[in-house]
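Colleague: I've got a structure to look at and I'm new to this. Can you walk me through it?

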Amino acid sequence: MRLTDIPAAIIAILGLTSAAFAFEIEERARYPAANPETELRIISTADRAVFEPILLAFQQQNQTVSIDYTIASTTELMKAVHAEGEAFDLVISSAMDLQTKLANDGFARTYRSPATDALPDWAKWRDQVFAFTQEPAVLILSETAFPDEAYPTSRDELIELLRDQPERFRGKVGTYDVRTSGFGYLMATQDARVSENFWRLLEAMGRLDTQLYCCSGDMLHDIREGKLAIAYNVLGSYAQAQLEDGGGYRIVMMSDFANIMLRTVLISTKADNIADAQTMINFLASLESRPDLVAASGLPAVDTDALQSNVALRPIRLGPGLLAFLDRLTRRNFLRNWEASITQE
């Protein structure tokens, strides 16, 4: 179901910012129940257009639950929960490392159910952080810039292309600004762990006045507008959803490897509505059984078989290993190397 198909009375948009919050929010929406008895407060990094089908389907099964849905960036979400102690019931984020830190630092409640037990071991941690999607980071190529079948399908090929044709791509390459994007930082650190090609690619991009972005949506917008020819490490689920709405670009799953981000959810220790938060956890953990919601949201459910059928797909495992790059000294050194490569200064 699309936003335009929903009666205006169902959704109360509460504004892009709110004086009630010190952290910055992108959007806040309320979904009133027909016969409200409880309210579930969610803070999430997922765009409303993407997550709304899931929220509405949940309400169809739980018709007395109103939902207050706040959208923030990965870094602002972390600020809200970790630094400011905002009282949300559920925390949903694409930044697996930051979610792991929230749990490690005592901001997540323990919960276990048949639905969470059914998740593979790599898709949950300490019965506190639960994955409910698996979304690849992909390469986006403008159809205008790549009108034929000759296009890069691996990092080696992309590096060679950028080095051989610098004037063609100067100012036309985009990627995350990992200094401000939590998801971008996660993807960059995982790239660096998997392959030394990441630093070679970053240096090649740095010579071409690469444009830096906060989020996938902005990169996809500039691809469609012709401002970019290439966007690296875009969230595949968002790219697929927008491709179906007009697109103008090609999605490339890199053949050497593709990091798979697990979108995760946790119950906050500040939760007031624990019962409904647990019900939502079960609903999300069972997303694979709802192909209609997978199709409507564009969020691929956790699927072990799909990963095993393609050895290039590499799911990022939940666990303490994700905390290594959040160490202050490690992060500072990584960002120093990243800046030296991407800015060539």
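Modeller: One term to begin with: a cavity is a set of grid points where a 1.4 Å probe fits but cannot get out. Also, this is a predicted model.

Colleague: OK, how many cavities of 30 Å³ or more does a search of the whole structure find?

Modeller: The search finds one. The largest cavity has a volume of about 70 Å³.

Colleague: Which residues line the largest cavity?

Modeller: Among them are Thr175, Tyr176, Met187, Phe198, Tyr232, Asn233 and Trp338. Four elements each supply at least two residues of the lining: strands β9 (173-176) and β11 (230-235), and helices α7 (182-194) and α8 (197-206).

Colleague: And how do the lining residues divide into nonpolar, polar and charged?

Modeller: Nine are nonpolar, three are polar and none is charged.

Colleague: Changing topic. What is the volume of the second largest pocket?

Modeller: That pocket holds about 320 Å³ of space. Its lining takes two or more residues from each of β8 (135-142), α10 (236-243), β12 (249-252) and α13 (304-308). The largest share comes from α10, with three residues.

Colleague: Which residues lie nearest its centre?

Modeller: Gln134, Pro136, Met253, Ile260 and Pro300, out of 20 lining residues. By class, the lining of this pocket has 13 nonpolar, five polar and two charged residues.

Colleague: Now the core. Which residues touch the most other members of the largest nonpolar core?

Modeller: Phe51, Leu162 and Ile230, in a core of 114 residues. Helix α1 (residues 48-61) gives the most to this core, seven residues.

Colleague: What does Ile230 touch, leaving out residues up to four places away in sequence?

Modeller: The list includes Leu139, Ile140, Leu141, Phe146, Leu158, Leu162 and Phe169. Lys172, Val173, Gly174 and Ile223 are also touched by Ile230.

Colleague: Last thing, the overall picture. How many helices and strands are there?

Modeller: There are 14 helices and 15 strands. The radius of gyration is 20 Å, close to the 20 Å that the globule rule gives for 345 residues, so the protein is as compact as a globular protein of that length. The C-alpha trace spans about 65 × 45 × 45 Å along its principal axes.

Colleague: And what share of contacts join residues at least 24 apart?

Modeller: 77%, among contacts between residues at least 6 apart in sequence.

Terms used:
Residues numbered from 1 in each chain as written. Predicted model: local features only at pLDDT ≥ 70, side-chain atom pairs only at ≥ 80, totals over all residues. Heavy atoms only, no water. 1 Å grid on protein atoms, 1.4 Å probe; cavity = no way out; pocket = protein on both sides within 12 Å on 5 of 7 lines; lining within 4 Å. Points joined across faces, edges and corners; volume = space filled by probe spheres on them. Nonpolar A, V, L, I, M, F, W, Y, C, P; charged D, E, K, R; others polar. Core = buried A, V, L, I, M, F, W, Y, C linked by side-chain atoms within 4.5 Å. Buried < 20%, exposed > 50% of the residue type's maximum accessible area, 1.4 Å probe, protein only. Contact = heavy atoms within 4.5 Å. Rg over C-alpha atoms; globule rule 2.2 N^0.38 Å.
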